[in-house]
Amino acid sequence: MGHTKLTYEHFLTWQQKHISQKNLILLLSLIVGVLSACAAIVLKELIRLIKYLITYQLASGHSHIWYFLGPMIGIALASLFVHYIVKDDINHGITKILYAISQRKSIIKLHNTWSSVIGSALTIGFGGSVGAEAPIVLTGAAIGSNLAKALRLDQKTMMLMIGCGAAGAIGGIFQAPIAGFVFTLEVLMMDLTMSSVAPLLISSVTATAISFLYTHQTSMFTLLCAEPFSMRRIPYYIILGVLCGLVSLYFTRGMNRLEGFFKKHIRSIGVKILVGGSIVGILIFLFPPLYGEGYDVIHALMNGQAMQTLENSPFAYFGLTDWVLIGYLALVLLLKIVASSATNGGGGVGGIFAPSLFMGAVVGFVIARLLNIVGLFVPESNFVLAGMAGLMSGVMHAPLTGIFLIAELTGGYHLFMPLMIVSVVSYLVILLFEPHSLYAMRLAQKGELLTHNKDRSVLTLMHIDQVLERDLTTLQPKMKLGQLIKVIAKSKRNIFPVVDPQGRLMGILLLDEIRNIMFQPRLYERFTVEDLMMLPPAQLTIDMPMEKVMEVFEDTGAWNLPVLDEQKKYLGMISKSKIFNSYRDVLVRLSDE
């Protein structure tokens, strides 16, 4: 063990002497891209293997039963794996990356390099109605973070390696290098600098190339028929964009509340598995398109095979007509978030990439089919692609990611114009209701989200503990003025918190307010601290985000404010000058070299 440690230290010393920081970052970005692509391939193959065993081996002749039982088994296995082996929450992968960047100095736990792969493979392979992309993005980011940590690189470089891992994961699983690069900038909200462009591109392109070599596919979805863009259809794309924005709002708020319900009201792991698995199983039994990631359904909608989605469904008994199909897909659209949130809430592991693409494809197809029924004649495949871009843009608040991802997924580069229209309109619509994406909203509500806004980023990286002054002399309310003068003589401060015997804050005493009576001995026994103190303009709590703290200072015009704990007991004071000094230090560290 000691020999291994010594060898490791020698390697680090050699690396620091012989490899420059710039070359090391470029080399690491290549390695992260390779490992992220390998992780993506392993995950896809595990999902494919499990699906094959269930669909073609175990469930032959009993497919309807397995539509119900499969998801419950997958959720149970994933939940038990997470609870007893991982012993940590591995869901909401991209939210965890944002939190690591914002609050944990870019450190992601080592187990995230493999745990999400196994958990999501079990969940999705058995039919869970979620996507594999967010887990693989967390895996890639964890690979980057832990490689940088092993080489003892600084926080800024670790953050860049997290971005390289995320870009490589997107490139590897979607075969979309530009989308991987743009995703890191838009969704993970990393600042674009000249020093970060090359590493991000290297990771993304490397992972994509490896994925291409393995699959021999030029794009994830094969687009058999697509018409050129026509200017006269712009109004229809605008309508689609508005609807995508509204559906994105439904997706965001619905997923958040449904998963919150599972987390808040169902504590037992067994009950979660039973309730979540039953809901998913019943929904998939009635609506087979909700099974798994839903990419087969997207392919069918893109290529004029929409009626296939009614196969194996009880709704097929109503007839294979356009109106039955539209009504059926509308129900699928509404229930997709229920199936996805029940999968994750029940203990499964998965993301929202695939569900957002799935719902976007359904929205685009339904709108196109309705327009065709009324005689306006629009290409359904084009609207399916535009709908996918619109939902992804709205849900993730990432229009560029939506545009480039769909273009790269399908090879539909000639449809950039409709993709841009729908994505931008959808993004603008959801911004009217939700300022943050589903990934970021939980952190934003707690004041823990790092953004492109430099001021907010600095405040996010600061914590109230860093600026809390605990050395102020406290006073008792019954203390006489004469005793107070002796305390003031020994103190170097001009503000004194007044607390009761239980430590609760009663008020503050300012030196400026008692200067006129300080040198009148005849008043020393007449006045007490309780008579002279005043209430502070506001009170802060120890868990208050720094952005909120600055708002309170701005609103009250105060220069010093007390900080209390959850039981309203006095902890210390915060001054504006201390905040400004700390702000300056953090800004220097955050700024580009």
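Here are some figure legends for close-up views of this predicted model.

**Figure 1. The whole chain, before we zoom in.**
Let's start with the big picture: the secondary structure comes to 25 helices and five strands. How many of the residues in the chain are buried? Buried residues make up 55% of the 593 residues. If you take the contacts with a separation of 6 or more, residues 24 or more positions apart account for 75% of them. Keep that in mind when you meet pairs of residues from different parts of the sequence.

**Figure 2. Helices H8 and H9 pack against each other.**
Two packed helices are described by the angle between their axes and the distance between the axes. Here, helix H8 covers residues 177-186 and helix H9 covers residues 194-215, and they pack at an angle of about 140° with their axes 8 Å apart. Are they parallel or oblique? An angle over 145 degrees would count as roughly antiparallel, and H8 and H9 are therefore oblique to each other. Their crossing is right-handed. On the H8 side, look for Pro177, Ile178, Gly180, Phe181, Thr184 and Leu185; they meet Val197, Leu200, Leu201, Ser204, Val205 and Thr208 of H9. Sort the residues of this contact and you get eight nonpolar, four polar and no charged.

Strands of a sheet pair through backbone hydrogen bonds, either parallel or antiparallel. Strand S1 (residues 495-499) and strand S2 (residues 505-510) run antiparallel, with five bridges joining them. To get your bearings, find phenylalanine 496 and then its bridge partner in S2, leucine 509. Five residues sit between the strands of this hairpin, and glycine 503 takes a positive phi near 90° there.

A handy pair to look for is leucine 540, which stands opposite valine 563 in S4.

Isoleucine 273 lies in helix H11, which covers residues 269-286. Is isoleucine 273 buried or exposed? The cut-off for buried is under 20% relative accessible area, so at 11% relative accessibility isoleucine 273 counts as buried. Setting aside neighbours within four places in sequence, isoleucine 273 is in contact with Met72, Ile75, Ala76, Ser79, Ser278 and Gly346.

**Figure 3. Arginine 233, in a loop.**
You'll find arginine 233 in the loop between H9 and helix H10 (234-265). Arginine 233 is buried, with a relative accessible area of 6%. What is arginine 233 in contact with, leaving aside its neighbours within four places in sequence? The partners are Glu227, Pro228, Phe377, Val378 and Pro379.

**Figure 4. Alanine 150 and leucine 12.**
Alanine 150 belongs to helix H6 (residues 133-150). Its relative accessible area is 32%, so alanine 150 is partly exposed. Now trace the chain to leucine 12: alanine 150 and leucine 12 are 138 residues apart in sequence, but 9.3 Å apart in space, C-alpha to C-alpha.

**Figure 5. Lysine 87 and histidine 397, with positive phi.**
Lysine 87 has a phi near 60°, a positive value in a residue other than glycine. Look for lysine 87 in the loop between helix H3 (63-86) and helix H4 (93-103). Histidine 397 also has a positive phi, near 55°, and is likewise a residue other than glycine. That residue, histidine 397, is in the loop between helix H15 (380-396) and helix H16 (399-410). Which is their setting, buried or exposed? Lysine 87 is exposed, with a relative accessible area of 65%, whereas histidine 397 counts as buried at 12% relative accessibility.

Terms used:
Residues are numbered from 1 along each chain as its sequence is written. This is a predicted model: local features need pLDDT of at least 70, side-chain atom pairs count only at pLDDT 80 or more; totals for chains, interfaces and linings use all residues. Side-chain values use heavy atoms; hydrogens and water are left out. Axes are lines fitted to C-alpha atoms, for helices over the stretch in contact, and angles run from 0 to 180 degrees between N-to-C directions. Helices (H or I, at least four residues) and strands (E, at least two) are DSSP runs, numbered from the N terminus. Angles under 35 degrees count as roughly parallel, over 145 as roughly antiparallel, 65 to 115 as roughly perpendicular and the rest as oblique. A crossing is left-handed if the near helix is turned anticlockwise from the far one by less than a right angle, and right-handed if clockwise. Contact means heavy atoms within 4.5 Å. Ala, Val, Leu, Ile, Met, Phe, Trp, Tyr, Cys and Pro count as nonpolar, Asp, Glu, Lys and Arg as charged, and the others, Gly among them, as polar. Buried means under 20% relative accessible area, exposed over 50%, partly exposed in between (1.4 Å probe, protein chains only). Two strands pair if DSSP finds at least two bridges between them.
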